[in-house]
Amino acid sequence: MITITYIWHDCFVITDDEATMVFDYWKDPIFDGIGEPPFLKELDKEKPLYVFVSHHHKDHFNKEIFEWGKSFNQIHYIISKDTAKHARHILRQDSIFKGYHPKNDQVTVIKAGETYEDKKISVKAFGSTDIGNSYLVSIGNCKIFHAGDLNAWLWLDESTNEEVQQALTSYREILYVIAEAAPQLDIAMFPVDSRIGREYYTGARLFLKAIDVKRFFPMHFGLGEDHEQKRYKEDAMKFQLYANPERGEYIGIGESYGRYAFVKK
């Protein structure tokens, strides 16, 4: 059984019989900031826990993730180079930082084109059209993709035609590398962010045209005021604008702690 739990913005928790993965934890809206986030308390601490950070921007990275090592002996962080630079005072064992330092062998710093592998998972990092990484993770016979901030960021109302074409070119260059490596995915988590205005869904549409995705989860709608977030989320669920009707399942995100469980076949 594979369970996917949406936490907030770009953060998902994926568990199977062998391990747990947390992607791009920023915050948990039902968390008061005291102790561990509620979802963390629910996890099986006997399972390996993999914590992914695509990049260091504040809506994708919270330095509190490194405190989780106090509770999970089998924890491993897979982070981008820019995140490592941003958190170097935490990662360096000899720094004057007084908080908790993860052990060196608990942290893998990775950039586009590089890989990580152990007995449970294999990971390949791809590029982003913003900063940092997107990740392809294989666990068992399941292929999972988390885009981070990879997207066709087309600010059509603010950009020149040349800027738009350059954004599309940059996006397609990365997308085609991913599609060649993984023409089929079991799970994809990808930004569908209407803050950028007209044709905000272009990145998702091109992604789903290039790659056969069995289960697609939109993300990246936790910014702005509450009423704006509600609208962004509703816009992201307009699957008819970008979904490939001949492929896959498109899963709408509910409130925080939206869970989706299935058996991988």
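Is S80 buried or exposed? At 1% relative accessibility, S80 counts as buried; here buried means under 20% relative accessible area, exposed over 50%, and partly exposed in between, with a 1.4 Å probe and protein chains only. Before I continue, please note that this is a predicted model, in which local features need pLDDT of at least 70 and side-chain atom pairs count only at pLDDT 80 or more, while totals for chains, interfaces and linings use all residues. Residues are numbered from 1 along each chain as its sequence is written, and side-chain values use heavy atoms, with hydrogens and water left out.

S80 belongs to strand β5, residues 75-80. Strands (E, at least two residues) and helices (H or I, at least four) are DSSP runs, numbered from the N terminus. The side chain of S80 makes a polar contact with the side chain of D82, at 2.8 Å. A polar contact is a pair of N or O atoms within 3.5 Å; within protein, one must be able to donate a hydrogen and the other to accept it, and residues adjacent in sequence count only if both atoms are side-chain atoms. Beyond its neighbours within four places in sequence, S80 is in contact (heavy atoms within 4.5 Å) with residues including V53, H55, I110 and N133.

How do α4 and α5 lie relative to each other, and what angle do their axes make? The axes come within 10 Å and cross at roughly 30°; they are lines fitted to C-alpha atoms, for helices over the stretch in contact, with angles running from 0 to 180 degrees between N-to-C directions. The two helices are therefore roughly parallel, a term that applies to angles under 35 degrees. In the contact, L168, Y171, R172, L175 and A179 of α4 meet T202, G203, L206, F207 and A210 of α5. These residues divide into seven nonpolar, two polar and one charged; Ala, Val, Leu, Ile, Met, Phe, Trp, Tyr, Cys and Pro count as nonpolar, Asp, Glu, Lys and Arg as charged, and the others, Gly among them, as polar.

Finally, two histidines. H9, in the loop between β1 (2-8) and β2 (11-15), has a positive phi of about 60° although it is not a glycine. H9 is buried, with a relative accessible area of 0%. H220 lies in the loop between β12 and α6 (226-236); its phi is positive, about 75°, although H220 is not a glycine. At 2% relative accessibility, H220 counts as buried.

How values were computed: Angles under 35 degrees count as roughly parallel, over 145 as roughly antiparallel, 65 to 115 as roughly perpendicular and the rest as oblique.
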